[in-house]
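Here's a quick tour of a protein model, meant to be read with the structure open beside you.

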Amino acid sequence: MKMEWQAEWIWNKLPEGTPNVYLEARKSFVLDAEPLRANLFLSANQEYLVYLNGNEIGRGPSPSDQQWKYYDEYEVGEYLHKGENVLAVVTYNFGTKDIVTGQMQGPGGVLAELAIESAASVLTIATDSAWKVRRSPRWVEQVSRQHQWGGFREIYRVDREDGWQQVDYDDTSWEHAVVVERPGAADARWPRLLPREIPPLHRELLKPQAVVRTDANFGGIEGEENLLASSEPGSGMKLDASKPGSLPGALFDYGKEVVGYPELDVEASQGGIVQLWYGESLDLELYDTFLLKGGQNQLKPFGRRAFRFLYVTVQAAASPVTISRLETESVHYDFDPAGTFRCSDPLLNRIWEIGTYTTMVNSQEHLEDCPLREKALWVADAVVMGKVIYHVFGEERLLRKCLLQGARIQNVDGSIPGTGPERNAFLLPDFNAHWLFGVYQHWLFTRDGSFVSEVWPAVDKLMDWFHRQEDEEGLFARADRPGWWCFIDWAEYIDRRDRVTAMSCFYYKALRTASELAGAAGKPSRAAEWLQRSERLRQTIRETMRVPGFPVFADCIGPDGLSSTITAQTNFAAIWCGVMEEEEAARFLEEWFFAGKTPALKGAFFYHIVLECLIRLNRAADALGLMRSYWGGMIERGATTWWETFDPSTPACTVPSPYQGNTPTYLMDHIPVSHCHGWGASPTYVLTQSVLGIDVSRSGNGEIRFDPHPGNLEWAEGSVPTRYGPIHAAWKKAEDGVLDCELTVPASMKVVLSGRHRVAVRRGGVTASE
């Protein structure tokens with residue numbers, strides 16, 4: 001961590017709150033000798049793209065709360081030389097509070113410090129009032145919003161590019177920077193500067209897979225197939241928009257969701273206009289407009305995009321325009337090679353793959369709920385994706401960062417906002433419990449004592465917050481108070497008045513989870529207190545919230561007594577949290593859930609609880625059946641990443657859309673629909689962890705649990721990467737119905753077997769059998 005800064009935060013003279021500002025800042029300097037090495041430290045509010053002597057160095061920083069600002073470090077010696085050099089940064093500031101999820105807040109600022117070491121001395125180039133700045137002339141300032149969950153569209157003037165990043169550029173007409181503050185100042189807007197906690201994102205160029213259609217639209221178009229991944233390099237796509245009012249274009253399909261930055265090389269001898277329209281489905285939105293200069297143009301939006309379909313159109317070009325290159329710089333977390341899964345059912349294999357890919361593209365600088373609409377760090381989404389990451393990628397740093405970012409924006413009262421990474425007013429009481437469950441699962445996966453120490457104060461405050469929500473009987477009360485969002489699941493039929501049963505169940509599980517964490521943190525009195533309270537709470541839930549004469553729980557206790565509403569979500573929450581007895585759970589499944597007496601689940605999120613409960617109750621065949629019907633139903637309708645919600649009862653021709661349904665925001669045309677939601681990826685980890693049987697959830701102590709649940713499968717095989725080395729497993733059903741299994745594990749790992757299968761374990765070249 002960089003402890004001392006010579007640099008100051010700078011901006012220009014624009015009033016704070018000016019929206020949609022692209023600020024260009026630069027500093028020229030002379031080196032008397034070739035540098036031995038050089039390191040650049042850089043942060044901004046909110047985004048930057050940095051150049052050194054015209055070379056693009058990187059973009060960042062990782063989104064964060066204003067109180068916990070990230071900075072990046074780059075080794076840049078190779079880009080410097082003896083003589084004149086220039087460091088140039090374009091920084092973007094959103095500049096308005098008008099955004100639903102409370103992101104991209106705070107005034108504009110950029111902080112840069114370049115330390116250059118030569119044989120004789122160290123030279124420091126740091127942002128201060130001597131830097132030159134201007135509001136970029138390349139982006140049109142007053143443009144419309146993408147939507148109220150995101151930023152502004154871009155209208156970019158290629159014809160106003162002037163080489164400002166280059167050494168020989170004359171910036172004498174620019175104004176001097178205004179110093180906003182010094183790092184570490186007592187009244188600082190950004191009082192803490194943290195080094196990035198994860199590796200830089202993985203970047204690769206992807207080409208479209210197919211052409212959906214071309215539109216002459218009174219103009220002309222040819223050669224669109226030359227831009228596809230399957231094509232040999234050709235002369236490119238030519239579009240003739242010389243006729244007044246013509247709008248030729250081509251709609252490209254990348255085959256599945258791509259998250260990143262489209263790049264186009266365009267030859268336009270007399271200029272013209274290129275526009276990019278994006279869609280996760282064929283509902284397309286215009287986000288980027290480029291006003292071309294005569295000659296060669298290289299186009300790339302500043303903002304990140306998420307799409308499967310990209311529609312490229314040209315207008316007002318006096319002579320034909322040629323697009324010689326169309327690629328997208330795809331970005332996501334830099335995972336090591338993934339694990340594998342295959343079984344006797346090809347549909348389940350496809351479900352596993354889609355869940356893996358959906359998780360990967362939602363793994364950015366933090367785990368995002370969806371890369372299109374809001375890019376936010378929603379707690380419950382991150383925790384579900386964390387389980388996928390543990391069992392597919394064997395990775396721990398990304399979820400660790402996300403959980404810590406939740407702790408860093410903890411409210412004064414001890415509650416934790418349902419989303420982030422910036423402070424906001426979203427209070428979802430059940431997400432407070434899910435955050436705690438995520439902390440605990442991370443502890444089990446890593447046994448990272450430093451993580452527990454860092455997060456413990458937030459855990460302690462959170463449990464005090466939970467305690468203050470109790471009524472006189474100890475139940476979680478007033479879950480429906482104004483300003484709160486008792487989520488549970490995307491289901492309008494759940495009765496959420498006052499004392500919500502699922503909330504008390506989650507509270508019970510939170511008490512037991514916190515008790516375990518207290519033991520790990522060396523707080524035995526807290527551990528005993530929470531364990532004792534959990535036992536009392538479980539008894540109260542069972543005595544007051546069960547439907548008399550039945551093994552099921554009502555949704556809530558409202559002002560008029562026990563609710564008449566009985567839902568799958570409430571009762572699966574009771575099973576998952578350990579409130580419902582196993583015999584009761586079996587009766588609920590047979591007499592209520594599978595008998596169709598509860599309303600259908602339509603939200604992909606809550607199914608992770610359902611699937612885990614079915615596996616626990618030895619109903620793997622039922623779990624696989626739900627995967628085939630629900631997630632298989634999405635595949636039948638063309639899904640290549642998992643949708644936010646899905647209603648299988650809708651007509652088979654429909655997909656998530658404000659107008660078609662399959663979304664809780666049906667007919668709300670102002671809310672973008674998500675076709676790429678990581679919270680629906682639970683089948684992937686369930687297939688690896690429970691069906692294949694490689695359970696690494698407690699591998700922090702070097703332990704793997706192997707217990708396949710085959711259901712109605714004949715065979716399965718796969719692998720999981722771990723910090724100890726890869727684990728491989730394969731099994732098939734024998735004629736006697738018992739599984740014959742082969743398990744290969746790193747020599748240092750302890751293996752816990754269930755005793756239900758014949759298992760040959762290979763470790764360090766030695767094979768033993770159970």
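The radius of gyration used here is taken over C-alpha atoms, and the globule rule it is compared with is 2.2 Å times the number of residues to the power 0.38. Keep in mind that this is a predicted model. For 770 residues, a compact globule would have a radius of gyration near 27 Å, and the protein has 28 Å, which agrees.

**Overall build**

- Along its principal axes, the C-alpha atoms of the protein fill a box of roughly 80 × 65 × 60 Å.
- The secondary structure comes to 12 helices and 36 strands.

- How do you find where empty space is left? Rolling a probe the size of a water molecule over the atoms shows it.
- The structure holds four cavities of 30 Å³ or more.
- In the largest cavity there's about 750 Å³ of space.
- A set of 41 residues lines the largest cavity, and Glu-47, Pro-63, Met-104, Arg-304 and Lys-375 are the ones nearest its centre.
- Two strands, β4 (47-52) and β5 (55-60), are the elements that give two or more residues to the lining of the largest cavity.
- Sorted by class, the lining of the largest cavity has 15 nonpolar, 14 polar and 12 charged residues.
- The second largest cavity holds about 100 Å³ of space.
- Its lining is made of 15 residues, with Leu-377, Val-379, Cys-402, Gly-406 and Trp-435 closest to the centre.
- For the second largest cavity, the elements giving two or more lining residues are α2 (379-392) and α3 (397-408), and α3 has the largest share, with four residues.
- What classes of residue line the second largest cavity? There are 11 nonpolar, four polar and no charged residues.

- The largest pocket has a volume of about 1200 Å³.
- Of the 40 residues that line the largest pocket, Glu-612, Arg-616, Gln-689, Ser-697 and Arg-698 are closest to its centre.
- Several elements give two or more residues to the lining of the largest pocket, including α4 (429-446), α6 (501-520), α10 (607-616) and α12 (682-692), along with the strands β30 (703-706) and β34 (750-753).
- The lining of the largest pocket splits into 16 nonpolar, 13 polar and 11 charged residues.
- In the second largest pocket you'll find about 610 Å³ of space.
- The second largest pocket is lined by 27 residues, and the closest to its centre are Tyr-51, Tyr-156, Glu-161, Gln-165 and Gln-298.
- At least two lining residues of the second largest pocket come from each of β4, β5, β19 (249-268) and β22 (295-299), with the largest share, four residues, coming from β22.
- By class, the second largest pocket is lined by 10 nonpolar, seven polar and 10 charged residues.

**How helix α5 packs**

- Two packed helices are described by the angle between their axes and the distance between the axes.
- α5 and α6 pack at an angle of about 145°, with 11 Å between their axes, and their crossing is left-handed.
- On the α5 side, the residues in this contact are Val-452, Trp-456, Met-463, Phe-466 and His-467, while α6 brings a set of residues that includes Met-503, Tyr-507, Leu-511 and Leu-517.
- Which classes make up the contact of α5 with α6? It has 12 nonpolar, one polar and no charged residues.
- Helix α5 (residues 449-468) also meets helix α7 (residues 524-544): their axes come within 13 Å and cross at roughly 35°.
- Here too, α5 passes α7 in a left-handed crossing.
- In this second contact, Trp-456, Asp-460, Met-463, Asp-464 and His-467 of α5 meet Arg-526, Trp-530 and Arg-533 of α7.
- The contact of α5 with α7 divides into three nonpolar, one polar and four charged residues.

- The peptide bond from Asn-45 to Gln-46 is cis, with omega near 20°, and Gln-46 sits in the loop between β3 (37-45) and β4.
- Another cis peptide bond runs from Gly-60 to Pro-61, with omega near -10°; Pro-61 is in the loop between β5 and β6 (69-75).
- Phe-218 isn't glycine, yet its phi is positive, near 70°. You'll find Phe-218 in the loop between β16 (210-215) and β17 (220-222).

Notes
Residues are numbered from 1 along each chain as its sequence is written. This is a predicted model: local features need pLDDT of at least 70, side-chain atom pairs count only at pLDDT 80 or more; totals for chains, interfaces and linings use all residues. Side-chain values use heavy atoms; hydrogens and water are left out. On a 1 Å grid over the protein atoms alone, a cavity is a set of points where a 1.4 Å probe fits but cannot get out, and a pocket is an open set with protein on both sides within 12 Å along at least five of seven lines; lining residues have an atom within 4 Å of a point. Grid points are joined across faces, edges and corners, and a volume is the space filled by probe spheres set on the points. Ala, Val, Leu, Ile, Met, Phe, Trp, Tyr, Cys and Pro count as nonpolar, Asp, Glu, Lys and Arg as charged, and the others, Gly among them, as polar. Axes are lines fitted to C-alpha atoms, for helices over the stretch in contact, and angles run from 0 to 180 degrees between N-to-C directions. A crossing is left-handed if the near helix is turned anticlockwise from the far one by less than a right angle, and right-handed if clockwise. Contact means heavy atoms within 4.5 Å.
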